[in-house]
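User: Hi! Could you walk me through this one? I'd like to talk about salt bridges.
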Amino acid sequence: MTAQTGQNRRTVMQWLGGASTLGALSPVLPANAQQAPAPAVPAEAPAGPAPRFAYVGTYTFDAPGGTAGGPASKGIYVLAMQDGGWTPLQTVESANPSFLAVHPNRRFLYAINEIDTYQGLPTGTAEAYAIDERSGRLTLVNRQPLSLSGVIPAHLAVSPDGRALVVALYGGGAYNVLPIGTDGALGKVSGIEKETGSGPDTERQESPHPHMVQFDASGGRVLATDLGSDRINVFTLAEGKLAPIGRTAVQAGSGPRHLTLHPSQRHLYVVGELDASVSCYGYDAASGAVGAQRQRVSTLPDGYTGQKSAAALVMHPSGQFLYASNRRLKSEHPLADSIAAFRVDAASGNLTPLQHWSEGLRFPRALAAAADGRHLYALSQKGDTILRLRIDPATGRLDQPVQVAQVPTPVCLVFA
């Protein structure tokens with residue numbers, strides 16, 4: 001979210017969730033940089049078939065932070081990944097389907113609708129889609145309202161066993177659990193965990209603002225951020241309900257937005273949206289306990305001036321590198337829109353700054369790493385583009401930018 005979130009109306013009284021053929025999506029455009037042959041796959045890269053389809057969540061109206069001013073998005077965009085290029089396949093009409101998650105069996109896709117009213121009630125919604133294995137196309141399974149006053153959902157995660165969807169409600173100050181049926185359909189909300197608290201920023205932290213949820217390797221614990229109360233929350237998930245087992249205070253006024261775990265499950269990283277920082281904490285995978293802060297580093301270069309707004313946080317599959325994005329709000333600094341790259345020390349978890357990449361970025365709200373570790377994808381909300389950057393397997397530095405797709409107001413990228 002940005003400072004405009006509290007003022008934006010995200011209201012849809014009635015809207016369609018069906019699929020239509022893609023019309024507004026522009027053809028794939030090559031960047032001016034030539035792409036060198038891909039490096040060897042890192043030894044740490046996970047096994048399995050390469051993804052064939054990309055799914056992009058977007059803002060269809062009232063995008064926090066603004067848009068490029070071009071054609072409005074219509075919903076979820078489906079693209080085929082072939083020979084290094086991405087081909088438009090389908091547009092699924094949906095209201096502000098910002099963040100997406102793929103079911104562990106790869107047969108279903110879930111989306112949150114970042115809205116504050118649905119059918120006259122003060123709530124956001126979540127949607128379930130079936131993925132056609134051969135074509136990649138989506139078919140709506142069902143749509144479920146979230147808890148009353150559960151407005152402006154900000155993030156979601158599917159449990160590793162595929163039986164539950166957990167949603168962070170930025171505007172509702174709560175987390176919701178929805179059961180998932182064997183047919184992929186979402187059931188009614190089965191669990192609600194309401195938060196309390198606030199932070200020193202009276203504009204952005206006047207109340208709790210849950211921003212992200214992620215399961216750890218146990219599959220039964222959920223790690224979550226609360227931007228409004230400056231906390232990392234840890235819950236257990238059992239029988240469709242969340243139970244808190246730990247709340248860790250972070251730097252006051254930092255506004256924890258997104259988090260990620262090191263593959264070893266021993267280090268936890270949190271990006272602060274309001275102060276543009278990344279903090280490292282210890283994590284006990286056996287108990288789910290978050291340890292003391294070990295390090296806190298800036299995502300911006302020395303001498304930066306202007307308003308700060310960090311956004312995405314992505315761990316390289318190897319655990320050797322970490323990437324965070326910065327978005328330009330009120331700053332003329334050339335790196336206000338940028339990706340900060342860090343090297344990760346496997347033993348301590350500490351970060352060493354490597355690089356700030358800015359070419360081709362306009363308000364990079366989201367990042368996504370390829371499963372094989374070769375590339376990082378950056379979604380420019382105000383550029384209507386998805387940029388692919390090669391990751392040097394030895395140094396972690398970014399280079400060789402290629403614009404793989406044009407999508408209106410992109411927010412989230414997942415693969416299947």
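User: Is R296 buried, exposed or partly exposed?
Analyst: R296 is partly exposed, with a relative accessible area of 37%; buried means under 20%, exposed over 50%, partly exposed in between (1.4 Å probe, protein chains only). This is a predicted model, where local features need pLDDT of at least 70, side-chain atom pairs count only at pLDDT 80 or more, and totals for chains, interfaces and linings use all residues. Residues are numbered from 1 along each chain as its sequence is written, and side-chain values use heavy atoms, with hydrogens and water left out.
User: Thanks! Which residue forms a salt bridge with R296?
Analyst: That's D275, with the closest N and O atoms 2.4 Å apart. A salt bridge here is a side-chain nitrogen of Lys or Arg within 4 Å of a carboxyl oxygen of Asp or Glu. D275 is buried, with a relative accessible area of 16%.
User: How many salt bridges are there in the whole structure?
Analyst: The search finds 13. Among them, R257 and E273 meet at 2.8 Å, N to O, and both are buried.
User: And what about R327 and E273, how far apart are the closest N and O atoms?
Analyst: Those are 3.3 Å apart, in another salt bridge. R327 is buried too, as is E273.
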